[in-house]
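Please read it alongside the coordinates.

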Amino acid sequence: MNAASGGGYVSPWMDEELAIFRDTTSRFVEAEMVPNEPLWRKQQHVGKDIWRKVGALGLLCTDISAQYGGVGGDFRHEAVLYEELGRRGLSGFGQGVHSICAHYLLNHGTEEQKRRFLPRMARGELIGAIGMTEPAAGSDLQGIKTRAVREGDSYVVSGSKIFITNGYLAELIALVVKTQPGEGAKGTSILMVETKDLLGFRVGRILDKMGMKSQDTAELFFDNVRVPAANLLGGVEGQGFYQLMSDLPYERALIAVIAVASMEGALAETIKYVKERRAFGRSIAEFQNTKFKLAEAATKTRIARVFVDDCITRIVKGSLDTLSASMAKYWVTDTQQEVLDEGVQLHGGYGYMNEYLVCRMFADARVQRIYGGTNEIMKELISRSL
Ligand SMILES: Cc1cc2nc3c(=O)[nH]c(=O)nc-3n(C[C@H](O)[C@H](O)[C@H](O)COP(=O)(O)OP(=O)(O)OC[C@H]3O[C@@H](n4cnc5c(N)ncnc54)[C@H](O)[C@@H]3O)c2cc1C
């Protein structure tokens with residue numbers, strides 16, 4: 001399946017059942033997503049219908065047990081969908097963030113919260129988002145200002161969030177708030193906020209980004225919004241930082257999975273292109289520079305793939321540590337940028353045109369080094385363990 005990096009390498013975690021699952025997933029993606037991508041790019045979001053369809057087909061919350069409405073698979077099933085989207089450059093459908101939101105509930109929610117939200121998330125009826133970043137606080141999350149004050153059976157929330165993936169379509173937001181200002185990490189909590197008919201809640205602009213044009217990254221505003229106290233994740237105040245930290249390996253590995261899939265997709269596309277394109281009486285593929293650049297890109301892609309495959313296997317076993325996940329997030333996304341840059345170069349001027357997949361992938365890839373914790377923050381974390 002990962003023939004792009006040569007030698008017919010197959011991920012060791014793949015098996016027959018996953019091959020069938022991949023086949024179903026890739027047929028669906030080809031039929032229902034690829035043809036809609038130009039429209040999605042124009043309108044800056046994928047619309048809610050596709051979420052309902054993906055849910056109905058059983059492609060959401062695949063690693064969550066049937067008891068909570070999930071598919072009852074494991075992270076390999078999630079990886080298959082990320083890969084099928086990533087290799088086609090379909091960056092608008094924010095499945096990763098939806099999954100992370102569902103995992104906050106699964107890992108930290110009360111039993112009642114899991115039963116209330118997860119089945120609807122699995123059906124694609126509640127599109128998930130994560131609201132951490134604020135205009136004045138990104139890497140340094142302790143600086144967030146969005147405040148939640150307990151009043152009777154509710155929290156009253158005021159503040160704003162920025163750069164929120166799925167922000168325009170979101171129906172359930174894992175919102176990071178201050179419940180005890182001045183208490184640092186201990187004063188932080190997560191509220192699960194349902195957005196439907198929510199007084200005082202407003203979605204701002206869909207942000208105009210360098211890439212990921214079909215992703216509805218948005219600003220969110222909260223003006224004295226009342227959220228039931230029963231929506232405090234886990235039911236105990238002050239747990240927000242601990243909850244965020246414990247799910248980071250999952251989130252970072254997921255970004256690395258998407259990164260390596262996009263490298264494989266771009267490499268396959270570039271190989272096809274250089275074989276067809278001709279200059280000086282021969283195909284571009286015949287120049288020694290092209291061969292060497294492709295050899296380098298294939299080698300980097302293979303190394304990334306083997307590392308990511310190890311992360312996938314360790315998530316399934318429950319043994320992926322923060323250090324390895326931080327290494328994967330930083331190194332694979334940096335390498336993704338290098339490989340895609342070479343893909344653009346080998347496409348010549350066409351590589352700079354948005355109608356070419358490699359161009360869109362290159363622009364999309366830039367943010368991979370920024371979100372999910374910047375790569376500088378990853379190195380900071382890695383260095384602490386040395
Ligand atoms: C397309 C997109 C989607 C996003 N989706 C979401 C989302 O769904 N939910 C959400 O909450 N957020 C989201 N984000 C926000 C993202 O996680 C932040 O942008 C990111 O964490 C960086 O924060 P910042 O933008 O405030 O940059 P800053 O924290 O201001 O960083 C600026 C620069 O300083 C560097 N820096 C900061 N601290 C250190 C340090 N200690 N050591 C060395 N260098 C440092 C950074 O690495 C960076 O290079 C998204 C962002 C984008 C662009």
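This is a predicted model: local features need pLDDT of at least 70, side-chain atom pairs count only at pLDDT 80 or more; totals for chains, interfaces and linings use all residues.

1. Residues are numbered from 1 along each chain as its sequence is written, and side-chain values use heavy atoms, with hydrogens and water left out.

2. The structure holds two cavities of 30 Å³ or more, a cavity being a set of points, on a 1 Å grid over the protein atoms alone, where a 1.4 Å probe fits but cannot get out. Grid points are joined across faces, edges and corners, and the volume is the space filled by probe spheres set on the points.

3. The largest cavity has a volume of about 50 Å³, and its lining (residues with an atom within 4 Å of a point) consists of Ala266, Leu267, Thr270, Lys293, Leu294, Ala297, Val339, Glu342, Gly343 and Leu346. The elements that give two or more residues to this lining are α8 (248-276), α9 (288-317) and α10 (322-346), helices being DSSP runs of H or I with at least four residues, numbered from the N terminus. The largest share, four residues, comes from α10.

4. The second largest cavity holds about 30 Å³ of space, and its lining is made up of Arg41, Met210, Gly211, Met212, Lys213, Asn354, Arg360, Ala363 and Asp364. Helix α11 (residues 357-365) gives the most to this lining, with three residues.

Methods. On a 1 Å grid over the protein atoms alone, a cavity is a set of points where a 1.4 Å probe fits but cannot get out, and a pocket is an open set with protein on both sides within 12 Å along at least five of seven lines; lining residues have an atom within 4 Å of a point.
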